Amino acid sequence: MATHAPPPPETTPRPAAPAAEAAPRPRAHIALPAPGTHVVRRPVRPRPTTGRWRRTKDAVMAVILVLFFILPHLPWPRPDGQPQQALLFDFVGGYAYVFPFRFGYEDLLLLMGLLLVSAMGLFFTNTLVGRVWCGFSCPQTVWTDLFRKIEHAVAPKIGRGGARLLWGGISLLTALTILAYFAPARTLWPLIFTGEAAAFTYVLLAAFTLATFFLATLVQDMVCTHFCPWPRFQAVMVDRDTKVVTYQAWRGEPRGPAKRKAALAAQGTAGGDCVDCGLCVKVCPMGIDIREGSQLACIGCGLCADACNQVMAKLGLEEGLIRFSSDREQTALATGRAEPKPRLRARTLGYGAMMLLVMAVIVPVYLDRTGIIVHVVPDQTGGFVRLSDGSIRNIYQLGVQDGRATTGPLLVAVEGVPEARVELVTPGAEASLGNIVPAQAPGARQANLRMMVTVPPGRAAGRVPVRFTFTPEGADAPEAVERGWFVGPGSGR
Ligand code: SF4
Ligand code: SF4
């Protein structure tokens, strides 16, 4: 306990201690053990703390958890035969249902665009404020944080065994919810609870439950330091203007207990503001000491800043010894200059521009999409057949992926050769369908048909470019068009 009266609050910037001015600013590093050293990992048991960043983390965690557990149970009205679940990734049926939208395999390019936008968004925020994704919203962080909160709340009353039981229950609920994103919850959950679900469902349930339990209770911070590639990527995106959690060494050093500072002050020597209480290390979920400088293991959660602010408040010193700050700001403050204004950098603008560019491409693509994809390929011979009445016939393989919200028959026509007649045939059954691709049953997304195009004698000669049009029944204009060739006498085939 410090026996001296707390000094009056100080302001930033303040004159730096000579020793601190001379000290080089700590750089990012990874501490490696000496060769041959056997390192025993000690589990990180962070002490709870309070403060601005803790409250922010709690708010983000609450939003993520509520959304995660509620979303697959929200109903959404859709046509008969389609799931009435607001959010469902139906791999078996081949569709993703996202509120009013439905995406199929034909939207893979759109999905890639969305992934690209998400990646650019992550890079964009990373250049501004470092790993806030990791510290506040990554599922690994959120679930680990949740489990630790449960432990802190219940372990003193019901012991660690009781906490483990609760962890197991939440892991099971998490696994059930994950499954509900891929199969309709209203039918799947009753099947699971009555023991009527497929064996593979139980295998998945067990796998997700165990994975959640082990990742959030045993593996914890090791996911961030050893498994996840993002820390390595993000390290190269951080620059001198990125605001990351920073210990202001110019202000905190030379560190030492408050008593020693009082003794130094009596000798006319200034000590740093850090009283070396170690609280910033004790609350860190990664078990690191931010005073050693910016580190790959730091997830940017700000909890050390919260803890240190409490210490500073007790000592009557200005808060922010640990804070979100950039290298450029720290260089200026350490030398007594004013804090520079935030700058927009080329890389930040670049990531933002790429994000907008990809969105500018995928939004019109999404609005223009009909949901129908067709492939017309000439049959193996690539030639023509002359029928007994002299007509010329070309045969094609036709593939139709129909991803419309409401499927119905499609009328097929050929433009480019006069009086062309289209006849579709189901391979194997050889049943004639006329020129109509029948409506596909829910779940049957793709039709593979044989298409015969016949023209009367003398109507086609050589190699003629044609357009195959696919028009929904009752529509005025085709929704899909494919280009190809019709070959007749004189084509060399
Ligand atoms: S909490 Fe603040 S005062 Fe205490 S050791 Fe960490 S930086 Fe120093
Ligand atoms: S050093 Fe601070 S910001 Fe980094 S992980 Fe630890 S508590 Fe979070």
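Accessible areas come from the Shrake-Rupley method with a 1.4 Å probe, and for residues only the protein chains shown count as cover. This is a predicted model, in which local features need pLDDT of at least 70, side-chain atom pairs count only at pLDDT 80 or more, and totals for chains, interfaces and linings use all residues. Residues are numbered from 1 along each chain as its sequence is written, chains are lettered from A and ligands numbered from 1 in the order in which they are written, and side-chain values use heavy atoms, with hydrogens and water left out.

**Figure 1. The whole protein.** The protein exposes about 26,100 Å², of which carbon and sulfur atoms supply 66%. It has 15 helices and 14 strands; these are DSSP runs, numbered from the N terminus, with helices being H or I of at least four residues and strands E of at least two. Of its 493 residues, 45% count as buried (buried means under 20% relative accessible area, exposed over 50%, partly exposed in between, with a 1.4 Å probe and protein chains only).

Figure 2. Ala, Val, Leu, Ile, Met, Phe, Trp, Tyr, Cys and Pro count as nonpolar, Asp, Glu, Lys and Arg as charged, and the others, Gly among them, as polar. Cysteine 280 is buried, at 8% relative accessibility.

**Figure 3. The surroundings of ligand 2.** Among the residues surrounding ligand 2 are Val245, Pro285, Gly300 and Cys301. By class, this shell has ten nonpolar, two polar and no charged residues. Cysteine 301 is buried, with a relative accessible area of 7%. The structure holds zero disulfides, a disulfide being a pair of cysteine sulfur atoms within 2.5 Å.

Figure 4. Most residues other than glycine have a negative phi, and most peptide bonds are trans. Phenylalanine 99, in the loop between strand 2 (95-98) and strand 3 (101-104), has a positive phi of about 50°. Phenylalanine 99 is partly exposed, with a relative accessible area of 25%. Glutamate 419 has a positive phi of about 60° and lies in the loop between strand 9 (410-415) and strand 10 (421-425). Glutamate 419 is exposed, at 51%. A cis peptide bond joins glutamate 253 and proline 254, with omega about -5°; proline 254 is in the loop between helix 10 (249-252) and helix 11 (258-266).

Notes
A residue is near a molecule or strand if one of its heavy atoms lies within 4 Å of it.
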